[in-house]
Amino acid sequence: MPAEPGPPGISCAGLAKRFPAAGGGLEVVAPFTREFAAGATTALVGPSGCGKSTLLRMIAGLETPSAGSVAIGDETPAEVRARAGLAVSFQDPSLLPWRTVRGNVALALTLARRRAAAGTIDRLLALVGLEGFAGTRPGALSGGMRQRAAIARCLVTEPELLLLDEPFGAVDELTRRQLAHDLPRLWEARGTTTLFVTHSVTEAVLIADRVLVLSPRPARVVADIPVTLDRPRPEGVELTVAFAELAERVSAALARGAAEGGQTGLAAQ
Amino acid sequence: MSAAEAAAAPARRALPGAPLAGVAGLLVVWEALARLPGAEVLLAGPMAVALWLGENGALMARALAVTGAEAAAGFALGNLAAVALALCAVAWPRAERLIAALALLVFCLPLVATGPILRVLYGPGPGPQVTLAALAVYYTTFVPLLVGLRAAPAAWFDVVASYGRGRWAEILHVRLFAAAPYLVAGLQIAAPAAFLGAMVGEFTGAERGMGVLTIRALRALDVEATWALATVAALVSIAVYAAIGAAGRRLLREPPPVLLAPPGAGGGARPGAALGQAALAGGVALALWWGAMEAFGLNAFFAKRPGDVWAFLVTDPGAAAHRAELFGALADTLALAVPGYLAGLAAGAALAVALTLAPGAAAVAMPVAVALRAVPIVTTAPLVVLLMGRGAAGTIALVAVMIFFPVFVAALHGLARAPGQVLDVFESYAAGPLRRLVHAQLPAMLPAFFAAARMSLPAAILAVTVVEWLATGRGVGALMAISASLSDYAMLWSAVVVVALATVAGHALVAAAEARVLARYAGEQRR
């Protein structure tokens, strides 16, 4: 893969995961081969427990694949992590309870051995709707607020690659819409390559340039749907026919995947 | 609040006045007992103790300063060693089992015999007392700290890993902070243990300090002085215990965990692997022992090497006689230690269970028990001798009391740990308190109970040997005392080795029982 300036694309080749267990082991991710374009936002949609989180963790290099490989640009995930080129938002916000919200966001900078310009953290906290909570400890926040703090932590190091595992799972509906509107603008302006896991069809179509629909475990790609809506999404896009058609295609693919089980997953249409 | 929740949270619901009421009750009972006819030869009440302290304030203050300084130095050194060991174990997980095994072995050294050996090694001065204080504290800090360093959720380490950072960043940014409440809990228990270690060091031959005064008072049958010394030791320990707890609460904003479940004792390991581990630990211990003696060029007359002990017990012409003497004494000691230990375990668990069935009582009893756990019980050994005479009953009672408090506190916390939702399920079926106890609370108690049982095993040996040393003139404690006064260092070292190995074996026995019981009744709680 040619080295090019700017954010790297991701290339997964035969990526698979099987957890050892009695009776031959538990296959969580069937061999997965896909390219993700640099600077694009891709949603991974699938039923709960289908292996999409495992897939994301393998791309981050936090889980060792049973087979296959991941290349980010021309580097391995470990190399990208070593220079703090990626950031992961985990399903559990994983905030350290003894640090304030600001301290938790700053932790990413410390771990990445970086400094941010003055006011960066405050700006990010405002973006995720946590202005006024910089000095609060996670224990005093709601689940959704914690998740938003974790998103701010992901963004503060300005990673080239952003991996978000159900980033809005616990966020209330109103805030979720606001975030779905604001966050893509930020990472598009930065040219970040983004992968996010969700089980919300609407969220996937609203945020992503491309939706990968996965089957129940073991995860296989049932459909690979490009989202042909304008960027940035105009106000009220959810009410348009184009949006509804896309959402319908994703839902249909989900249903098809569920009906066929994890065994005979279709390739992209 | 449902009844189930009320039962689950006795400690948190304690009224602010409850500890005061408990203390006042204790004082009244104590004074009343002291005023019973004929009690004055055994028991000095709080009034008499206060009077004695008023008259001998300067003497007591000097002794307290000496012993306090030794305890403080031992506290600092022992805890530093504990932190260093725990960090090593976490930084090099392959070495963890070896480090834990060596730490346990050193913890099982009989302090009473280690004292005189340290005295000849160090020469005059506070060295032995400080070392014994350090030895008495480091394990009870090491174990909870190790638990705390490993207790963080895996997701926190994923955050560290996602920025490409490794083990040291984990320790620096996550583990150290996550372990802080456990460290505070360990330090709290260490405070009375340090005082105890310093006083045992003074029992075995010091020039100054409260231990020396205690021995003098005991020889003179000075009841007031004996009780006054024990009272001061207890009060100082409780005060430091409380101060560390208060400082911890201010720093941490969350209460330190009271349940100090030590790492599972080789649970799940194959017997062969466990044996190999034990052999490795034994080999390293022998090498360290021999190496230390050689490195400091210590005189072979009093600084015995492994080979000397082997010769004394196995290859010498008189080895059979030596063995007979040592193992005979050990049998005498175990005949007291085992019943006392079992009685302490049973009494601690039984009272905790009884109090759980009457939740109001637990709220009053818990603060008192937590405070009394801070009493360095061995310093009250002379009192028990005064009260119960030099026979078997007195020694057994002391061991039982020594074991009772940590087991009681651990069991009470364990019982309170049964999850509220589980108890609500029982409530919804209108299950009575007894069924709730048997099916939900006892299984929740078992891990804490066994943890306390294992940790307090060396304390049982310490209690017996101290009483034997000071008073009864029988058993391995007396043998150690006689050997020390006769400068029979081969016997003294052999006694240290044999008692330490016996304690480790007892520990392994309890751990094996624990593994079987927990596998059956509390499988999901094993680590």
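1. A salt bridge here is a side-chain nitrogen of Lys or Arg within 4 Å of a carboxyl oxygen of Asp or Glu. By that rule, one salt bridge crosses the interface of chain B and chain A. R57(A) pairs with D158(B), and their closest N and O atoms are 2.7 Å apart.

2. Some ground rules. This is a predicted model: local features need pLDDT of at least 70, side-chain atom pairs count only at pLDDT 80 or more, and totals for chains, interfaces and linings use all residues. Residues are numbered from 1 along each chain as its sequence is written, chains are lettered from A and ligands numbered from 1 in the order in which they are written, and side-chain values use heavy atoms, with hydrogens and water left out.

3. How many residues does each chain give to the contact? Chain A gives 25 residues and chain B gives 16 residues. Contact means heavy atoms within 4.5 Å.

4. The size of an interface is often given as the accessible area lost when the parts come together. Between chain B and chain A, about 1800 Å² is buried, and carbon and sulfur atoms give 64% of this area. Buried area is the accessible area (1.4 Å probe) that two parts lose on being put together, summed over both. In chain B, the residues that lose the most area to chain A are W156(B), Y163(B) and H173(B), together 38% of what that side buries.

5. Polar contacts are pairs of N or O atoms within 3.5 Å; within protein, one must be able to donate a hydrogen and the other to accept it, and residues adjacent in sequence count only if both atoms are side-chain atoms. Five residue pairs (both at pLDDT 80 or more) are in polar contact between chain B and chain A. On the side of chain B that touches chain A, the elements giving two or more residues are helix 8 (154-162) and helix 9 (167-203) of chain B. Helix 8 of chain B supplies the largest share, seven residues. Helices (H or I, at least four residues) and strands (E, at least two) are DSSP runs, numbered from the N terminus.

6. Now look inside chain A. S53(A) sits in helix 1 (residues 52-60) of chain A. Its side chain makes a polar contact with the side chain of D165(A) (2.8 Å).

7. Check two backbone spots. Most residues other than glycine have a negative phi, and most peptide bonds are trans. A84(A) is not a glycine, yet has a positive phi of about 55°. A84(A) lies in the loop between helix 2 (77-82) and strand 5 (86-89) of chain A. R217(A) and P218(A) are joined by a cis peptide bond, with omega about -5°.
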